[in-house]
Amino acid sequence: MSSQDGNGTSKAGETGTWQVKSGLAQMLKGGVIMDVVTPEQAKIAQEAGACAVMALERVPADIRADGGVARMSDPDIITRIIETVTIPVMAKCRIGHFVESQVLQALGVDYIDESEVLTPADERHHVNKRDFNVPFVCGCRDLGEALRRIGEGAAMMRTKGEAGTGNIVEAVRHLRSVWDSIRKLQAMPEEQLMTEAKELGAPYELVRETRTLGRLPVVNFAAGGVATPADAALMMQLGADGVFVGSGIFKSSDPARMAHAIVQAVTHYQDPQILADISKGLGEAMRGLELSQIPEEELLAKRGW
Amino acid sequence: MKIGVLALQGDFAEHIDILTQLGADAVAVRLPDGLNGLEGLIIPGGESTAIARLLHRWELIEPIRTHVHDGMAVWGTCAGAILLANDPGDLDREGLRLMDITVERNAFGRQVDSFEADLSVPSFGGQEYHCVFIRAPVFSSIGPRADVLAQLDDGTVVAAKQGNMLATAFHPELTGDTRFHQLFLEMAAGNVVPIDIARGARPA
């Protein structure tokens with residue numbers, strides 16, 4: 001399959017292959033990946049049942065509030081988080097900043113998130129993710145963007161939502177958009193695929209593969225606005241394979257309890273009675289932001305193409 | 001034949017797809033009630049740390065142990081194998097304590113050390129089994145009640161069997177070769193008497 005080209009071939013004892021990169025994302029499914037900024041937070045996340053942590057300098061809500069240039073985290077903090085937990089550790093690099101990616105790979109992170117939450121380093125090009133043994137996850141708002149990133153070698157996707165808002169509306173929009181386009185592909189006669197690929201701005205072979213599979217060729221998590229167990233279950237019912245929770249945990253009044261409840265919600269997303277029970281007594285969720293109050297130039301999801 | 005796949009976290013959907021393709025009635029199991037009437041249960045790949053917490057939270061540990069002692073076959077892949085082990089290494093929760101194996105978690109290193117390999121599985125005959133090891137464990141020691149099914153070239157044990165129980169450190173659910181799933185369905189159909197029961201190790 002075309003998504004496998006250039007990601008290493010499968011020979012005995014070989015590392016960094018497409019199968020091991022996309023396979024780790026498959027192991028994360030049905031789980032919650034939590035943003036953490038300190039080893040102490042990483043410990044709370046692991047204790048609550050997170051399937052991985054995302055090590056970063058500031059959670060998106062603080063990046064949004066503080067302004068300035070947001071970069072890859074301090075390698076010292078990343079190393080301490082790696083030493084603190086046994087679950088996989090992810091870390092973010094700026095869009096197009098392939099040297100930050102090299103540094104993160106050298107530190108031994110398990111996944112790199114080339115993320116619009118950090119300030120982009122390149123306004124036209126993303127990292128060539130096929131150059132790396134460590135797998136990458138990238139953000140998308142629609143199917144075309146997802147398939148462009150997979151074309152560059154991303155082994156996992158996340159719909160972007162709008163990070164740091166505690167508002168699920170953009171996450172819903174992006175996840176619905178991806179699925180709508182996949183359903184459209186499946187309903188389409190084959191002769192329309194090339195035109196569709198052109199209009200999506202996506203590699204033709206990946207468009208064909210997506211149509212055959214009836215889903216993205218890689219695991220897709222939802223991100224950007226999950227603040228409650230019900231938000232997380234909503235993403236799962238809309239077809240996400242798992243969720244990223246950024247500010248939603250450590251900006252709530254009782255992070256350990258909120259983290260635990262969101263983990264249970266992702267497992268039991270189809271059971272309203274369990275969702276009702278686990279949603280009780282969680283304290284205050286993070287304070288949310290109305291999207292219309294955010295100036296256009298401060299929207300993070302628009303970064304990347 | 002009704003086979004459950006533990007669906008707390010991990011790649012349970014991949015197992016369900018293969019089981020369905022092989023003609024089994026595959027169901028996702030999230031609560032103890034879901035274990036009733038199963039001839040086999042697969043504990044999938046995923047994060048053993050996360051799955052262990054969910055097993056305790058939803059009070060599945062003792063029900064699974066009871067069903068296995070009563071003849072239900074069980075198979076753990078990667079994280080699942082860690083959870084089946086009597087000694088799950090540095091896992092910070094008690095696992096299922098069912099198989100006479102000792103596990104070392106993340107034995108090959110971090111994700112950049114994850115790899116693919118062709119494995120010789122003597123009981124499958126000549127054709128090698130292509131497998132994927134992702135942040136994989138190894139079985140650092142195998143007790144007298146368990147049998148080695150497959151080893152890497154350096155002798156590291158990566159698959160083991162004990163009566164109605166099977167453990168693989170790798171992921172047969174990712175590679176499209178269904179021989180391990182077929183083996184497991186045979187184990188489930190055979191209602192094999194667990195070795196530890198046969199040898200009188202089970203408490204009366």
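Analyst: Two strands are said to pair if DSSP finds at least two bridges between them. The model examined here is a predicted one. Strand β8 (residues 219-222) of chain A pairs with strand β7 (residues 156-159) of chain A in the parallel sense, over 4 bridges. Within β8(A), A222(A) is the bridge partner of T159(A). In a regular strand, side chains alternate between the two faces of the sheet. In β8(A), V219(A) and F221(A) point one way, N220(A) and A222(A) point the other way, and all are buried.

Attention may now turn to charged side chains. Side chains of opposite charge can pair when their charged atoms come close. Over all chains, the structure holds 32 salt bridges. One of them joins the side chains of D62(A) and K251(A), at 2.9 Å from N to O. This pair links distant parts of the chain, 189 residues apart: D62(A) belongs to helix α3 (residues 60-66) of chain A, and K251(A) to the loop between α11 (247-250) and α12 (255-267) of chain A. D62(A) is partly exposed, at 25% relative accessible area, and K251(A) is partly exposed as well, at 37%.

A further salt bridge connects E170(A) with R173(A), whose closest N and O atoms are 2.6 Å apart. Both residues lie in helix α7 (residues 169-187) of chain A, 3 residues apart, about one turn of the helix. The cut-off for buried is under 20% relative accessible area, so E170(A), at 13%, counts as buried, whereas R173(A), at 47%, is partly exposed.

Methods:
Residues are numbered from 1 along each chain as its sequence is written. Chains are lettered from A and ligands numbered from 1 in the order in which they are written. This is a predicted model: local features need pLDDT of at least 70, side-chain atom pairs count only at pLDDT 80 or more; totals for chains, interfaces and linings use all residues. Side-chain values use heavy atoms; hydrogens and water are left out. Buried means under 20% relative accessible area, exposed over 50%, partly exposed in between (1.4 Å probe, protein chains only). Helices (H or I, at least four residues) and strands (E, at least two) are DSSP runs, numbered from the N terminus. A salt bridge is a side-chain nitrogen of Lys or Arg within 4 Å of a carboxyl oxygen of Asp or Glu.
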